[in-house]
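Biologist: I should like to learn how to read the features of a structural model. May we take them one at a time, each with its general idea and then its case?

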Amino acid sequence: MLELEFMRLAFAVGIVVGVLAPAVGFFLVERRQSLVGDGLGHVAFAGVAAGYLLGISPVLTALCFAVVGAFAIEWLRSRGGTAGDQALALVFYTGIALGIVLVSSANRFDVGLFQFLFGSILTVTRSDLWVVLALGTVSLAAIALLYRGLVAVVLDEEGSRVAGAPVASLNTVVAVLAALTVGISMRIVGILLIAALMVLPVIAAQRVAWSLRSTMCLSAAIGLGSVLAGLTVAYYAGGTIVLLAAGAVVAATLAGAARGIA
């Protein structure tokens, strides 16, 4: 399997995505914003359609649209007087509607579009790998450097604001990290399923973790394991990354229940 270049590229990208997606998703789940990744995925879909329409890289336009969508969600939630779920719904439905209009205008209801929606390991290129490595490294470094502040905001946003922490900036960082994760994960998991890889490993980790730090570490391990195992299975029998992540939730739930009984 590893003698094939496209599989080596897929595994290299998958390692970054498998760690990054749950690491970012950890903050979304703890803030009860699990559907943010799904909303940004629909905005990224509009970005892909815009790329096809303009004749430029769909990955680049998807990243740009997702980042703008992240800023919009955070602005509406914190300054626009709109509740978090309402802000997400507005961006969610606007993104998908705009995507449909742009795809129709570009006349691109074809296999190329579905590769972005559902992922395709065959489409991963060396240039994709370098982009994922660069953005993934920057994102993980930002999480490491800002970890204490990000966790403080998750635990007590109002208390952090009173203490003088830059709450708005930290919330924006999380939103932008989520957008970047969606953008760089399209090739492996697909726009429609990346939110699951951001959320399910975290839910599984919460069932058996003993602290916030252990939750993040375990979720990253589960995400990485799901991607590597899923890509291996995909080579022989079709994609199963998200199914494996969902299976991890079930297994962790059963393990947590068994530990509680014991």
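Modeller: Let us begin with contact, which means heavy atoms within 4.5 Å. Among contacts in this chain between residues at least 6 apart in sequence, 75% join residues at least 24 apart. The model is a predicted one, in which local features need pLDDT of at least 70 and side-chain atom pairs count only at pLDDT 80 or more, while totals for chains, interfaces and linings use all residues. Residues are numbered from 1 along each chain as its sequence is written, and side-chain values use heavy atoms, with hydrogens and water left out.

Biologist: What does the secondary structure of the chain come to?

Modeller: Helices (H or I, at least four residues) and strands (E, at least two) are DSSP runs, numbered from the N terminus. This chain has 11 helices and zero strands.

Biologist: How is burial read, and what percentage of the residues in the chain is buried?

Modeller: Buried means under 20% relative accessible area, exposed over 50%, and partly exposed in between, with a 1.4 Å probe and protein chains only. Of the 262 residues in the chain, 49% are buried. Accessible areas come from the Shrake-Rupley method with a 1.4 Å probe; for residues, only the protein chains shown count as cover. The accessible surface of the chain is about 11,900 Å², and carbon and sulfur atoms account for 69% of that surface.

Biologist: How should the span of helix α1 be read?

Modeller: The expected span of a helix is 1.5 Å times one less than its number of residues. For α1 (residues 5-30), with 26 residues, this gives 38 Å, and the end C-alpha atoms are 38 Å apart, which agrees. Of the 26 residues of α1, 20 are buried, and the helix is mostly covered. Just after α1, Arg32 takes a positive phi of about 60°.

Biologist: At what angle do α1 and α9 pack?

Modeller: Two packed helices are described by the angle between their axes and the distance between the axes. Axes are lines fitted to C-alpha atoms, for helices over the stretch in contact, and angles run from 0 to 180 degrees between N-to-C directions. The angle between α1 and α9 (residues 194-208) is about 70°, and their axes are 7 Å apart. α1 is therefore roughly perpendicular to α9, given that angles under 35 degrees count as roughly parallel, over 145 as roughly antiparallel, 65 to 115 as roughly perpendicular and the rest as oblique. Residues making the contact include Val17, Ala21 and Phe26 of α1, and Ile194, Met198 and Pro201 of α9.

Biologist: How do the residues of that contact divide?

Modeller: Ala, Val, Leu, Ile, Met, Phe, Trp, Tyr, Cys and Pro count as nonpolar, Asp, Glu, Lys and Arg as charged, and the others, Gly among them, as polar. The contact of α1 with α9 has 13 nonpolar residues, two polar and one charged.

Biologist: Why is α8 described as largely enclosed by the rest of the structure?

Modeller: The description is given because 16 of the 19 residues of α8 are buried. Val174 lies in α8 and is buried, at 4% relative accessibility. Leaving out residues up to four places away in sequence, Val174 touches Val24, Phe27, Leu28, Arg31 and Leu150. Thr172, also placed in α8 (residues 167-185), is buried with a relative accessible area of 18%.

Biologist: Is Ala251 buried, partly exposed or exposed?

Modeller: Ala251, in helix α11 (residues 241-261), counts as partly exposed at 45% relative accessibility.
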